[in-house]
Amino acid sequence: MAVFSVLGALQAIGEDGPIEFGGPRQRSVLGRLLVARGQVVPVGRLISDLWRDQPPPGAAGSIQTYVSHLRRALEPRRTIRTPARLLVTVPPGYALRAEHVDAWRFEDLVRQGSRRLLDGDAAAAVAALEEALALWKGPAYLEFASADWALNEIARLDELRATAVEQRASAVMALGTPGSVIADLRAHLAEHPLREEGWRLLATALYRQGRQGDALAALREARRMLAAELGVDPGPALRRLEAGILAHSPELDLPGPARTDDRDDQAARPRLPRDLSVGDIPVRGIAMRETGPRVTLAAAGAAVPPPTSTEPPRAASAAAAPRAVPTVADGAVLLEISTAGPATALTAAPGGGKGRVRLFGRRSELSLLLDRSEGVALVSGEAGMGKTALVEEAAAVRAGQGARVAIGRCPATRGAPPGWAWTEIFRTLTTAVASDTAESVRGEGFHGRRAVAARLRAAAAEAPVMLVVEDLHRADRETLDTLVDVVAVTAGAAVTVVCTFRKEEAGRLAGTMAALARHEPLRIALRGLRPGAAAGLVTAVAGVPVTRPALTAVATRTGGNPFFLRETARLIAAEGEAAALTTVPAGVRDVLAARLAVLPARVRTVLGEAAVLDAEVPGAHAGGVDLDVLVAVHGGGEDAVLDAAEAALLAGLLVEPGGSGLRFASPVLRDTVYGAMPRLRRARTHARVAAVLERLRPDEAAALAHHHALGGDPVRAARYALTAAERADLRYGRRESGLTRGQGARPARDYASVARDRLRETQSPPTGASLL
C-alpha cells in the first residue's frame, strides 16, 4: 500500500519505490482526492475544481483518463480483471482509500499529545508532539497553494501545526526546562505574530529564566502588534500574565519535577501552572476544548443517562410524543393521499379508500425518518427506488401526530419560476407564515430567504414542522440556496427538512451537500427491496397467483427496484409469468432509456458489447462481463473500454462484483441495452464475440454455440452445440445433459436446436445439416 506525503511536495512511496504521478492536472486529481480524506468526490466537483468556470468539452473524459493513469501508477501490478483497491469508483465520483498519509498521522499524534498534556504526562506529550512536527517537510500541499479546493485544508493544517508548536512548548515548560523553547517560540511568532497564546508562552518562558525585563518587552511587542494589525488590546490571558510578572506571582514559578512513575499514579503527576492553558485541541478541523473529566461510552446494552434537553418546551414535547408507526406484515403501510390544491396534503388512513398507496420493505428507513425531529434528512436512490413513497408515508404519520407538513417538488420541465418547490411549500403553510412568504423566496434574495427561515422557526414553536423537497437533483440555484438558509436558520428548532434526489444525477449537488454536511444530516440511501418484500409487492400489484420461482426470478431480474417490480407485476397480470421473465415492461424501458440517452455514444457502444457478452440467455443474470474478452471485442484498446466502463459505473449502470470483471446493475437493465441495439449490430457483435472466444476461450463450447447461432454462422453453431452436448453427456449423464456457463444458462442441446432451425431457414448445404 502506498504511503503519501502532503506536508510539503506531494509524494508517494509504493512497494517498488517512489511513484510518478504525471502532469499537473493528474496530480491535482490525486491531491483533491487526498483533501477529501476518503470521502467521495463527484466528477462534477472534480471538473469544477480543476478548470474552475471554464471546463473543456471533454472534461469528464479527461478526468477518467487521469484516474486510469493514476490507478496504474498506484497499483502497477493490478490487472484489468481485478477491481481497484486504492482509487475506487463510487458513483457519482471517485474516492481514495488511502491508509498512510503523513497529514493524517500528524493529526493523530497531535491529538495524542494533547491528551497526554491534559492527563499531566508532559514527557509523553512532548514525544508525541515532536514526532508530529517532524513530519513537516514544507508547506502543506505545496504545489496546490493557489488552488481554491486546497485553501481550506492548507489553512486547517497550518492552524493545527501552530497549535502543536504551542502545546509542545507548554509540555516542555511543564517539565521544568523553559529555556529550550524560547528560540522555537520566537520563530513561531515570526510566522504567526497575532497568536496571543504564543506571546503568552514566550513571556512565561522568559520570566522563568529570570529575564523579567525581556518578558515584559515581549508583552509590549504583542500589544503593539495587535494594535497595529487589528486595532485591539491584548486579551485577558496576556493582561493577567503582565500583572503576575509585575507582582512576581507564585503561580508563575516553575512546576514540580516531571513524573517518572507509573502512568496511573495521580500523585506523581507534575502540577501545571493554573494559567498555563493547553489551548484548543483540533479534531479533524473542529476545535474542542476539554474542560471536564473524560467520559467513555457505556458498553452495548448498558444503561446510558439521557442527555439534558435544550429544546423549547413545545418542540421537546412534540419530539418525545409517542409515534403510532404502523406494523403491518412485511413492512406494508396503508396511506390515503389527497392531491387537492397546489401542494400535496397527507393524512394517515387506517384502511381502504381511493388513492391508497402500499409501501413494502422500508420499515427501518421509515423509523429513521420518524426519529428525526429536527435538522435535515437526505434520501437518495436511483429512479424508481421508492423515495417519494417513503417520504410521503413519513409525512403522513407526522401529520397524524399534529405536525405541520408540506411538500414541494422541483419540476422536471423548463419554465418554472425560481424556487418553485419552496413556493409550493409556503403556500401550504399559509397558517404558519405570512401570505407573502412565497414571493419573498424569489423576490428578495438572501434577506428574503433568511426572513422566510426565521418565520418557519417561529412557527415551529407552536407545532413541529416537516418540509419535504422532492427531486433535489432538478433544483435550480434559488431552491438550493433557500434549502441551505432554511436548514441553517432553523437549526435546533422543531423543523425537519427532508430532501430526495437521484444518486446517479447528484453530481451538481456537491456544493449544497457540503454546506449541509455541517448540520450532520441523516443520510438514507435506498437500495433494492429484499426478496420477501419484493414478493409481497409483486403479488399485491399483480392481483393473481404468482409461483415462488417466478417471484424469486423477478426480484433478481429487477434488482428489487419497486417501480420495476410494479411494472413487471402488471405485465404478469396481463401476459403471464413467462413474459415477465423475458420482456422489459414499457415503463421500465422508458425510464432506463432516459438514463442511457445522456451517456456519450462511445459509452453506449461499449455497454452494448457488454450486454451481448452478458446476455447469454435473455431473462437470466449470466456470469458477468469478462473484461479481457470485452477489450478484444471492442477493438479500440484497453483504455477506451476502461474509460467507458468508468462512466457507466459512475452512472450506476454497471457494478464491480466482489470477484473480478463487471456486471450490469440488474438483468432488466442489461436486457434494455441489448434490446435497444439494431438487429444487424447485435448479429455482428455476436459474430465478433464468437471469434474472440475461439481465440481466448476455446473450451467454452456452449457460449460459442450461442454466439455463432445469433451471429449468423449456423454451421459452427451446430458443431459447438454438439461438442457442448457431448461434454455434458459425459459429465452428467444423458438425463442431465444441460451444460451451463452460468446460473440459468441455456442447456447445450437447446443451442443445437437453435442451430438446426437456422440451418433449415438458410438452406445450408447437406454437409452442415448432417452435423446435427
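A residue counts as buried when its relative accessible area is under 20%. By that criterion, Val 29 is buried, because its relative accessibility is 0%. The structure discussed here is a predicted model. The chain has 772 residues, of which 48% count as buried, and contains 32 helices and 19 strands.

**Overall architecture**

- The accessible surface of the chain amounts to about 36,000 Å², and carbon and sulfur atoms account for 53% of that area.
- When contacts between residues at least 6 apart in sequence are considered, 68% of them join residues at least 24 apart.

**The five-stranded parallel sheet**

- An open sheet is formed by 5 strands in the order S14-S15-S16-S13-S17, with parallel pairing.
- The edge positions are taken by strand S14 (404-409) and strand S17 (522-525); each has a single partner strand, so one side of each is left without a neighbour in the sheet.
- On average, and with direction ignored, neighbouring strands of this sheet are turned by 15 degrees against each other.
- Helix H17 (residues 477-489) packs on the sheet, where it touches strand S13 (375-381), S15 and strand S16 (495-502). The direction of helix H17 makes about 145 degrees with that of S16.

**Strand pairings within the sheet**

- Val 405 stands opposite Met 466 in S15.
- Strand S13 is joined to S16 by 7 bridges, and the two strands run parallel. Leu 378 has Cys 499 in S16 as its bridge partner.
- Strand S13 is also joined to S17, here by 4 bridges and again in parallel. Ser 380 has Ala 525 in S17 as its bridge partner.
- Strand S13 is largely enclosed by the rest of the structure, because 6 of its 7 residues are buried.

**Val 29 and its surroundings**

- Beyond its neighbours within four places in sequence, Val 29 is in contact with Leu 50, Ile 63, Tyr 66, Val 67 and Leu 70.
- The C-alpha atoms of Val 29 and Ile 47 are 9.4 Å apart in space, and the two residues are 18 residues apart in sequence.

- Thr 558 belongs to helix H20, which covers residues 548-558.
- The relative accessible area of Thr 558 is 3%, and this residue is therefore buried.
- With neighbours within four places in sequence left aside, the contacts of Thr 558 are Phe 564, Leu 565, Thr 568, Ser 666 and Val 668.

**A nonpolar surface patch**

- Leu 194, Leu 230 and Val 232 make up a nonpolar patch on the surface, and their accessible area together is about 240 Å².
- Val 232 lies in the loop between helix H9 (212-229) and helix H10 (236-247).
- The relative accessibility of Val 232 is 36%, so this residue counts as partly exposed.

**Backbone features in loops**

- Most residues other than glycine have a negative phi, and most peptide bonds are trans.
- Arg 37 is not a glycine, yet has a positive phi of about 55 degrees. This residue lies in the loop between helix H1 (24-35) and strand S4 (41-42).
- His 248, likewise not a glycine, has a positive phi of about 55 degrees. The loop that holds His 248 lies between H10 and strand S8 (281-283).
- His 248 counts as partly exposed, because its relative accessibility is 46%.
- A cis peptide bond links Pro 91 to Pro 92, with omega near 10 degrees. Pro 92 is placed in the loop between strand S5 (87-90) and strand S6 (93-96).

Methods
Residues are numbered from 1 along each chain as its sequence is written. This is a predicted model: local features need pLDDT of at least 70, side-chain atom pairs count only at pLDDT 80 or more; totals for chains, interfaces and linings use all residues. Side-chain values use heavy atoms; hydrogens and water are left out. Buried means under 20% relative accessible area, exposed over 50%, partly exposed in between (1.4 Å probe, protein chains only). Contact means heavy atoms within 4.5 Å. Accessible areas come from the Shrake-Rupley method with a 1.4 Å probe; for residues, only the protein chains shown count as cover. Two strands pair if DSSP finds at least two bridges between them. Axes are lines fitted to C-alpha atoms, for helices over the stretch in contact, and angles run from 0 to 180 degrees between N-to-C directions. Patches are made of residues with over 30% relative accessible area and no salt bridge: like charges are joined within 9 Å, nonpolar side chains (Val, Leu, Ile, Met, Phe, Trp, Tyr) within 5 Å. A salt bridge is a side-chain nitrogen of Lys or Arg within 4 Å of a carboxyl oxygen of Asp or Glu.
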